[in-house]
Amino acid sequence: MANPMYGSNAADNALDEGSVVATGVNRTLKLSEAGSTVILLDGGGYTVKLPVPKRDGVTFDFIYGGAAAEANDITIDTQSDTRYFLGALQGEDTDSTGDSNAIIAPDGNSNSKVALKTVEAGTWLKAVSVGGLWYLIGVVYGATATFAVYADQS
């Protein structure tokens, strides 16, 4: 049993560490990577696919790690319209002179992809599986009012 003080492990000789996955290309996440922080790097536009959850509580945290605004879409995909997204994303339009934030939610019955548009530093999302569906929450910073576009597989 781990010593609860200071995040030490059972051997009391190291701090507990989390997992990190960094990608800037098309990638399918594995169930063994659940609980990881996924760093979304600059790339030429790419898709990160979530695995098929085998139980409730599978989680992934996403952060945009690029140095500048991504000029291409970064898409997060559940791989099936039966494992669609619920929840919502808040967007912050970084070059707006008026109201700069909005909430965009999926349709609640089949939107299984979300394309993040012109994302910038500070963007973060969390995906959590419950009942085979993916709940998504987070903030997308970008230089566009249409910061996230949900879609079905086809």
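Colleague: Of the contacts between residues at least 6 apart in sequence, what percentage join residues at least 24 apart?

Modeller: In this predicted model, 64% of those contacts join residues at least 24 apart.

Colleague: How many helices and strands are there in the chain?

Modeller: The chain has 12 strands and zero helices.

Colleague: Now the aromatic rings, please. How many aromatic pairs does the structure hold?

Modeller: It holds two aromatic pairs. In one of them, the ring centres of F60 and W134 lie 6.3 Å apart, and their planes meet at 40°, so this pair is tilted.

Colleague: Where in the chain are F60 and W134?

Modeller: F60 belongs to strand β5 (residues 59–64) and W134 to strand β11 (residues 133–142).

Colleague: What about F85 and Y150; what kind of pair do they form?

Modeller: Their ring centres are 6.3 Å apart and their planes stand at 65°, so the pair is edge-to-face. This pair also links distant parts of the chain: F85 is in strand β7 (residues 85–93), Y150 is in strand β12 (residues 148–151), and they are 65 residues apart.

Colleague: Is F85 buried or exposed?

Modeller: F85 counts as buried because its relative accessibility is 0%. Y150 is buried too, since its relative accessible area of 12% is under 20%.

Colleague: Lastly, what percentage of the chain's residues are buried?

Modeller: Of the 154 residues, 37% are buried. The accessible surface comes to about 7,800 Å², with 52% of it belonging to carbon and sulfur atoms.

Notes:
Residues numbered from 1 in each chain as written. Predicted model: local features only at pLDDT ≥ 70, side-chain atom pairs only at ≥ 80, totals over all residues. Heavy atoms only, no water. Helix = DSSP H or I, 4+ residues; strand = E, 2+ residues; numbered from the N terminus. Buried < 20%, exposed > 50% of the residue type's maximum accessible area, 1.4 Å probe, protein only. Contact = heavy atoms within 4.5 Å. Areas by Shrake-Rupley, 256 points an atom, 1.4 Å probe, with all protein chains shown as cover. Phe/Tyr/Trp six-rings, centres within 6.5 Å; stacked < 30°, edge-to-face > 60°.
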